[in-house]
Amino acid sequence: ASGQTPSALFEADLARRIERRLREVLSGGHPAEESYEAKFVGGAPPRWLASSCGPLTASDGTVVGAIEIVRDITEDRRMEAERENMIQRLVENQKYESLGVLAGGVAHDFNNLLAGILGSANLVRMELDPKSSLHTFLQQIEESSKRAAGLCAQLLAYAGKGRFQIEALDVNELIRANSSVLRHSIDPHCDFRIQLADGALAVEGDAQQIRQALLSLVVNSAESMSGGGGLIEIQTRLVEVTGKQLDGARVGRELPPGRYVSIRVRDNGSGMPPEMLARIFDPFFSTKFPGRGLGLPSVLGIVRSHKGALLVESSPGPGTTFQILLPPGSVAPRAAEGLTSKESAEVQEDKGQAFPSPALNISIVDDEPAIREITSKLIAAWGYAVIAVGSGKEAVELFRQNPQCARLVLMDLAMPEMDGATATKQIHALNPKVPVMVMSGFSTSQVAPHFTEDWIAAFLQKPFDSVELKKHLARILSEQAV
C-alpha cells in the first residue's frame with residue numbers, strides 16, 4: 001500500500017481521520033490511539049480497526065514525515081464480545097439459580113404453614129353446626145389458603161420446580177381446547193385471534209404448565225391495552241431458528257439452532273421501552289403498579305423447565321410479541337384437555353366413596369407438630385387409628401419392632417435426622433407390602449427424583465384439604481384390600 005493515499009484504501013470518513021492525524025504529527029502533535037468500525041475500500045465487510053500515528057524521523061532526529069499504522073482488531077473484538085456474553089449469561093444463570101433456590105424454599109415453608117391453616121379450618125368445619133354462620137368465615141379462610149397455595153405454585157414454577165407430568169402433546173389441540181378460557185380471561189372489547197399451523201405440532205411437556213404460561217402471556221397482553229380495545233393474537237408454527245435468534249433469547253440461549261415449535265402471543269398494546277423490557281421477568285415487577293405478581297416470571301421458569309427458549313420483542317407503540325420455542329416431540333401426541341370449572345373450583349367430595357373397614361393403623365410421619373396433629377384428627381374422624389411420629393428415624397424404629405404396625409404410611413420428605421426418602425426405603429425393606437403416600441411442601445418434580453420406586457402409592461402436595469386427603473386414602477386402601 002506504499003505510496004497510496006488514505007482515500008485509496010479506506011472509506012471517506014476513515015480516510016479523513018487518517019489524513020487529519022498525519023497532519024497533526026507533521027505539525028508536532030501526538031494524537032492518541034483510536035479504534036473505530038470501518039470498511040476497507042473494495043467491498044470488504046465492516047471491520048474493527050485500531051490506528052496509531054507517529055512521526056518518521058531522520059538519523060539526526062529531524063521529522064521528515066508521518067506514518068499511520070492501522071491494525072485489524074475484528075477478531076479481538078469478536079472474542080471480547082463472546083467473553084462479555086458468556087459473563088452475562090453466567091451472571092443471569094446465577095441470578096435465576098439463586099432466586100430459584102430462594103423461591104423453592106419459601107414455597108416449601110409456606111406450603112407447610114398453609115397445610116396447618118387449611119387443615120385446621122377443615123377440622124373446625126367438621127365440628128361446627130351445619131347451620132352456623134361461621135361457615136362463611138371458614139370458607140374465606142379456605143379460599144384464601146388456596147389462593148396463597150396458588151402463589152406458592154407460581155413461585156415453584158418460576159424456580160423451574162413446578163408440578164410436571166411430561167407427556168406427548170399437540171400444541172394446536174391444547175390451544176383449541178383452552179381457547180374459551182383464554183378468551184374469557186381478557187376484556188371482551190379486545191379482538192382475540194388464533195392462527196394455528198396446519199396439522200399437529202407435537203411437543204413433550206406438561207399440559208397444565210403450558211396452559212398456565214399461555215394464560216399468563218395473554219393476560220399480560222390484555223393489561224397492556226389502553227381503554228380495553230386492541231388485538232391479541234396467538235400463532236403457532238414449526239420454524240427454523242438460527243443461532244443469532246437464540247442469542248437474543250431471555251432463556252434458552254444455549255440451545256442449538258434448528259427446528260422448534262413456535263407459540264407466539266402478539267399484541268398491539270402500548271409496548272415497552274428497553275429499560276422496562278429488561279425487568280419484566282423480575283418477580284413482582286409490574287408496568288402497571290408495584291407488586292403485581294409472578295405471571296411472567298413463572299412463564300420463564302416453565303419454558304426453562306421444558307428445555308425451550310423465550311424471545312421477546314417490544315417497543316413503545318407497536319406492541320409486544322412473546323415467542324415460546326419448544327423442541328418438537330418424537331412421539332404421537334394424545335388428545336388435549338381443556339381447563340374446566342372443576343379445576344378452578346373446590347374439589348367436591350365423592351359421596352359414593354367409602355373406606356374399607358379399618359383393620360390396622362395408619363402411620364403419619366412429619367416433623368411439623370401442627371400437621372401431625374391436624375392430619376391425625378382428620379383421619380381419626382374417619383374411623384382409623386393413627387400412629388403419628390416426628391421423624392423418619394422414629395418411623396423406621398416402629399416398623400423394626402413390628403413390621404405390620406400400619407397398613408399405610410403418610411411420609412413427609414424434608415425432615416431432620418433421617419429424610420423421608422431414606423425412611424421409606426428402610427420401611428419397605430422391613431415390610432415390602434405397605435404402601436407409602438409421600439406428602440411435601442415441595443413440588444412433584446422436586447420430590448420425584450427421591451422416590452423412583454413403583455410402590456410409592458401417591459404424592460400429596462401441601463397444602464391439601466380433607467377432601468383430597470380422603471380421596472387418596474380411599475383409593476389406596478381400596479386397592480390394598482383388593
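The model is predicted, so residue numbers follow the written sequence, from 1 along each chain, and local features need pLDDT of at least 70, side-chain atom pairs count only at pLDDT 80 or more, and totals for chains, interfaces and linings use all residues. Side-chain values rest on heavy atoms, without hydrogens or water.

The sheet is open and has 5 strands in the order E12-E11-E13-E14-E15, with parallel pairing. Its edge strands are E12 and E15 (456-461), each of which pairs on one side only. From one strand to the next the twist averages 20°. Helices (H or I, at least four residues) and strands (E, at least two) are DSSP runs numbered from the N terminus, and two strands pair if DSSP finds at least two bridges between them.

E11 is joined to E12 (residues 386-389) by 4 bridges, in parallel, and Ser363 stands opposite Ile387 in E12. E11 also pairs in the parallel sense with E13 (residues 406-412), over 5 bridges; here Ile364 stands opposite Leu410. In a regular strand the side chains alternate between the two faces of the sheet.

Leu410 also stands opposite Met437 in E14. E13 and E14 (residues 436-440) pair in the parallel sense over 4 bridges.

The helices come next. E11, helix H12 (residues 369-381) and E12 form a right-handed β-α-β unit: with the strands pointing away from the viewer, the path from the first strand over the helix to the second runs clockwise. Helix H13 (residues 392-401) lies across E11, E12 and E13 and runs at about 135° to E12. Axes are lines fitted to C-alpha atoms, for helices over the stretch in contact (heavy atoms within 4.5 Å), and angles run from 0 to 180 degrees between N-to-C directions.

Helix H14 (residues 420-430) lies across E13, E14 and E15, at about 160° to E13. Its buried residues are Gly420, Ala421, Ala423, Thr424, Ile427 and His428. Seen down the axis of H14, these fall within an arc of 160°, so they line one face of the helix; the arc is that of the directions from the helix axis to the C-beta atoms. Among what covers them are H13, E13, E14 and E15.

Methods:
Buried < 20%, exposed > 50% of the residue type's maximum accessible area, 1.4 Å probe, protein only.
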